[in-house]
Every structure is written in C-alpha cells, then in structure tokens.
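Here is a friendly walk through one protein model, meant to be read with the structure open beside you. Please take a look at it before reading on.

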Amino acid sequence: MQQTPADDRCPPSTCDSSALLLGLVNTAPLAGGRDRLTVPEDLSAWLAHAGLPGAGTSVTGADVAAARELRDAFTMIFRAHSGCEDGEAALPAAEEYLQRIAHRYPLVPRLDADGCHLVPAQDGILGGFGALFAAAADLAARGGWARLKMCKNPTCYTGFFDKTRNSSGLYCSTACSTRMAARAYRSRVKNA
C-alpha cells in the first residue's frame, strides 16, 4: 500500500517530493508482488505516471537497470531511517553510490515568485532521474529527508512518509503496526 502524505505536517512541496521518491521505492516487489521495473515499458509507464521528463523518450534496458540501482540505494537509506539492521549495514554503500552517480544528473536553480527550486538540467531519462535528486534535495532542505522510511513489517516493506510528531514511526500503517504488535505478543507468550 503506497501512502501519499497529505496532512498539516507535510507541506505540498514536501508531499510532492516524498510521493515521487516513495513512488520509486514502492515499485520494488512488495509483499510477494511483482517488480514493477523490469522492462523498458515499465520504466516509461512509471515516468509518465510520475509526470517526469523522459516519459515520451526511448527507454533502454540500461535505463531500467540504472533506475533499479537508484531505487535500491534509496531503499537502503530509507531502511536505515527506520533503524533496520540491513539498511544500517548497506548505508555506506548506498550513500557512496548516490554520491558517485549524482554528477550524471545535474540540477539547476529555477527562481520564481515562490522561491528557488532545483530542477533537472537535462531532458529525457537523465532529466527524470535528476528530478529524483531534486526531490531528495527539496526534502533535505525542508527537514523531511529522515522521515522517508521503509515499513519494518517483514511482510510489507512499503516506503512511507513518517508523519509522527517525533519522527518515531516504524510502520506504514496502523494495520502493519497492529500485526507486528500481535506477532511480538504471540512470541512472548510462546517463550514464557
């Protein structure tokens, strides 16, 4: 279940940026589902759905592989934000990967009456990937980057925006939270 944050703790720009990044990480196979980024048509459809540059351009298998690598790096960072051990262990590699490839997707400032926004300097697929970096920069500037997390329910792992006041959310929904509490209770009863 993909959540789109939309309350007073998530200003519209932050919601747009988080929805874009969560939309990418939630293309991964969740809860036994299928990977939604396996062929060029999948990536083209996702770019079009997200309203990103590159939706109408020719997409190659290499572009799909790059999108999946980018998705995996963001996923590991969001898992680290949730305190997941595998996310913490993979965090240095994910951060190094993002730093290494960021120069491929340059951003430029766009000034208007609303302020300054970073936008991709390129069109096509590179512009689409650049928009993801622009969204990450927007969230970081607004203090929302650490609120992007992956659900700690091992049967879910959906990306979500943590709307809790103290940024302590671990699950994408109350349903996942309830399932994990029940699982922990059954485990304690069994071990007692």
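A residue is called buried under 20% relative accessible area, exposed over 50%, and partly exposed in between, using a 1.4 Å probe and protein chains only. This is a predicted model, in which local features need pLDDT of at least 70, side-chain atom pairs count only at pLDDT 80 or more, and totals for chains, interfaces and linings use all residues. Residues are numbered from 1 along each chain as its sequence is written, and side-chain values use heavy atoms, with hydrogens and water left out.

Most residues other than glycine have a negative phi.

**The overall fold**

Helices (H or I, at least four residues) and strands (E, at least two) are DSSP runs, numbered from the N terminus. The protein chain has six helices and four strands, and from the N terminus on they follow the order α-α-α-α-β-β-α-β-β-α.

How does the chain fill space? Along the principal axes, its C-alpha atoms take up a box of roughly 60 × 40 × 30 Å. The radius of gyration is taken over C-alpha atoms, and the globule rule is 2.2 Å times the number of residues to the power 0.38. For 192 residues a compact globule would come out near 16 Å, and the 17 Å of the protein chain agrees with that.

Of the 192 residues of the protein chain, 42% count as buried. Taking a contact as heavy atoms within 4.5 Å, 54% of the contacts between residues at least 6 apart in sequence join residues at least 24 apart.

**Surface**

By the Shrake-Rupley method with a 1.4 Å probe, the accessible surface of the protein chain is about 10,000 Å², and 56% of this belongs to carbon and sulfur atoms.

**Cysteines**

How many disulfides does a search of the whole structure find? With a disulfide defined as a pair of cysteine sulfur atoms within 2.5 Å, the search finds zero. The sulfur of Cys176 has its closest cysteine sulfur in Cys156, at 3.8 Å, which is too far for a bond. Cys176 itself is buried, because its relative accessible area is 3%.
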